[in-house]
Amino acid sequence: MNYLECYQRAGKIASEVRENTKKKRHVGRSLYEICESVEQEIRTLGGSPAFPVNVSLNDIAAHYTAEPNDMSIVKDGDVLKIDIGVHIDGFVADTALTVCYDQKYDSLVQAAERALDEAIRITRANTRATDIGRVIELSISQKGFKPIQNLSGHSLEQFTIHAGKSIPNIRTLGSSISLAANHAYAIEPFLTTKDGLGIVYEGKTCNIFSVISRKPLKEKAGNDLLQKIWTRYKTLPFAARWLTDEYEIDELIPLINTLRKKRNLHGYPILVEGNSKIVAQAEHTLIPSENGADVITL
Ligand code: MN
Ligand code: MN
């Protein structure tokens, strides 16, 4: 399989999993159960999770995944962003949906999807990222909502989810990158209500990590864990939940903390809306060409 075929396969799996997830009613389910079942479905279809499924509730915009002993249950009226990554040989398809069971937020969720559709419609090779941001911002504000300014889409490279090039959710001033043909990009509008700040901050909770240095530690236990993580996930993000097959939680969490302190691991704290307002998200991964964009997660 060449890399474009890997992207296509990853995209097909991610899309199928997302659509199955959309059909389910999640109220009363635990975040743990949702994460585990989505990730299991990815594996059953022949892919690997590219990152722990993000299940971010209400004013949490992103980067929450279930802890090994997570007791959180989805309630009526919750707005839940489910962000799914699938990789084939490190080539990642990244897609997200927002589910909610309170009609009050239907228009917010639809505005995220509409902004994404409109952004995709103008995207092709050489489209400037700022023009995509302008379309997203306009689409969201026309519906009376506010884009999250400091969250953006991104380029993807093998085993790298945020590969350095941003696709903003607002018009940006100054120079802007242009999208290259045959490269993969995720576009992901995030928005909140008018009374939201439109900016997210890092919260205290942090349960997604990735390896940033393989420099050995003095302690054997820490080294063994680092080696295990590297073998399994390389530079892709992981969660403690994924290591409980070989580690007890009581031993695992302190080792992860040590690896973070030694800067072997990077942590991704949850991202929370600045005025604690509800956030919705939609996301697709696409590959631009001269004639348009091939949305691999459609
Ligand atoms: Mn995503
Ligand atoms: Mn993404």
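**View 1. Gln-40 counts as partly exposed, at 43% relative accessibility.** Partly exposed lies between two other classes: buried means under 20% relative accessible area and exposed over 50%, with a 1.4 Å probe and protein chains only. Gln-40 is found in helix α2, residues 31–44. Helices here are DSSP runs (H or I, at least four residues), strands are runs of E (at least two), and both are numbered from the N terminus. Val-17 is 23 residues from Gln-40 along the chain, and their C-alpha atoms are separated by 9.9 Å. This is a predicted model, in which local features need pLDDT of at least 70, side-chain atom pairs count only at pLDDT 80 or more, and totals for chains, interfaces and linings use all residues. Residues are numbered from 1 along each chain as its sequence is written, chains are lettered from A and ligands numbered from 1 in the order in which they are written, and side-chain values use heavy atoms, leaving out hydrogens and water.

View 2. Donors are N, O and S atoms within 2.8 Å of the metal (3.2 Å for Na, K and Ca); water is not among the atoms, so sites may look incomplete. Asp-94 lies in strand β5 (residues 91–100) and Glu-283 in the loop between β13 (279–281) and β14 (284–289), so the pair ties together parts that are 189 residues apart in sequence. Both Asp-94 and Glu-283 are buried.

**View 3. Asp-94 bridges the manganese ion (ligand 2) and the manganese ion (ligand 1).** The two ions lie 3.2 Å apart. The protein donors of ligand 2 are Asp-94 (OD), His-154 (NE2), Glu-188 (OE) and Glu-283 (OE). They lie 2.1 to 2.2 Å from this manganese ion. In sequence, the donor residues are spaced D-x59-H-x33-E-x94-E. Glu-188 sits in the loop between β9 (184–187) and β10 (190–192) and Asp-94 in strand β5, so this pair ties together parts that are 94 residues apart in sequence. Both Asp-94 and Glu-188 are buried.

**View 4. Lys-261 is exposed, with a relative accessible area of 69%.** Its place is in helix α6, residues 249–261.
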